[in-house]
Amino acid sequence: MGDLTGKVALITGSGRGMGRAHALVMAGRGADIVIHDILKDEAAKTAEDVRALGRKVFVSHADVSDVTAMKETVAEAETALGGIEILVNNAGIPADRTGIEGVDEAFFQRMFDVHVKGTFFTTQAAVPGMKERGRGKIVNISSMWASTGNPTGASYIAAKAAILGLTKAWALEFAPWKITVNAITPGGVITEMVMAKGGMDYVREAAKKVPLGRYADIEEIAYTAAFLAAPESDYVTGQVIGPNGGQSIVGI
């Protein structure tokens, strides 16, 4: 199940956290990986581990908000590894943890540059090749908060909600070329950023609000991404999938 042999996956922000997990799970299922992260040491570690799984690697340290650099990344990666058939728009920065008064213009702009501009123009760079081949899988990483809201983090939530809008529009736009576009809206996940915020004490307290009683391991989010990247999900497009332990249940 979920065989990705012969596929090439570009995963933005794959030096650590969920992006790294996406890379390792997809590599374990046969995909060659384009590792992208501005964090050079972390990207190098992911590359080493992907190679240890027997897969090919191309590494980019471009800023995801740099349109020209990301276009070059896609072109160079396709020359090195072959056509990119899977794109996981994962790169992100932490939410603002203040009310509206605590957000200045520079922070707001960076939030949208990374999440929205990065997702939009990386996709723009990758889609022509997918159209030419008549297939492709795009997985956008949003957040549970984009569906539920939160008392803090408005600029982050707005950016992540914009990603849901892109997902739904692109699913319709790209369907004639058999390119599927879906979004994942994780709930609480045990990542480096979460641990830096408060450690396991924070996680245990926050997990009390989750019906399943715990935060997700990062691999559990990666399994969702791998499903959306695999042939088993060929009839799934324009959907928002929320692995969140039941903390948010939306839909009809």
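A salt bridge here is a side-chain nitrogen of Lys or Arg within 4 Å of a carboxyl oxygen of Asp or Glu. By that criterion the structure, a predicted model, holds 11 salt bridges.

**View 1. Salt bridge between Glu85 and Lys7**. The two side chains meet at 2.9 Å, N to O. The pair links distant parts of the chain, 78 residues apart: Glu85 is in the loop between α3 (67-81) and β4 (86-89), and Lys7 is in the segment before β1 (8-12). Glu85 is buried, with a relative accessible area of 11%, whereas Lys7 counts as partly exposed at 23%. Lys7 and Glu85 also belong to a network of salt bridges with Arg135.

**View 2. Salt bridge between Lys137 and Asp234**. The N to O distance is 2.8 Å. Lys137 sits in strand β5 (residues 136-141) and Asp234 in the loop between α8 and β9 (240-241), so that the pair links distant parts of the chain, 97 residues apart. Lys137 has 7% relative accessibility and is therefore buried, the limit being under 20%.

View 3. Asp201 is exposed, with a relative accessible area of 58%.

**View 4. Crossing of helices α1 and α8**. The axes of α1 (residues 17-28) and α8 (residues 218-229) come within 8 Å and cross at roughly 55 degrees, which makes α1 oblique to α8. The crossing is right-handed. Contact residues include Met18, Ala21 and Val25 of α1 and Ile221, Ala222 and Ala225 of α8. By class, the contact has 11 nonpolar, 2 polar and 1 charged residues.

Technical notes:
Residues numbered from 1 in each chain as written. Predicted model: local features only at pLDDT ≥ 70, side-chain atom pairs only at ≥ 80, totals over all residues. Heavy atoms only, no water. Axes fitted to C-alpha atoms, helices over the stretch in contact; angles between N-to-C directions. Helix = DSSP H or I, 4+ residues; strand = E, 2+ residues; numbered from the N terminus. Parallel < 35°, antiparallel > 145°, perpendicular 65-115°, else oblique. Left-handed = near helix turned anticlockwise from the far one by under 90°. Contact = heavy atoms within 4.5 Å. Nonpolar A, V, L, I, M, F, W, Y, C, P; charged D, E, K, R; others polar. Buried < 20%, exposed > 50% of the residue type's maximum accessible area, 1.4 Å probe, protein only.
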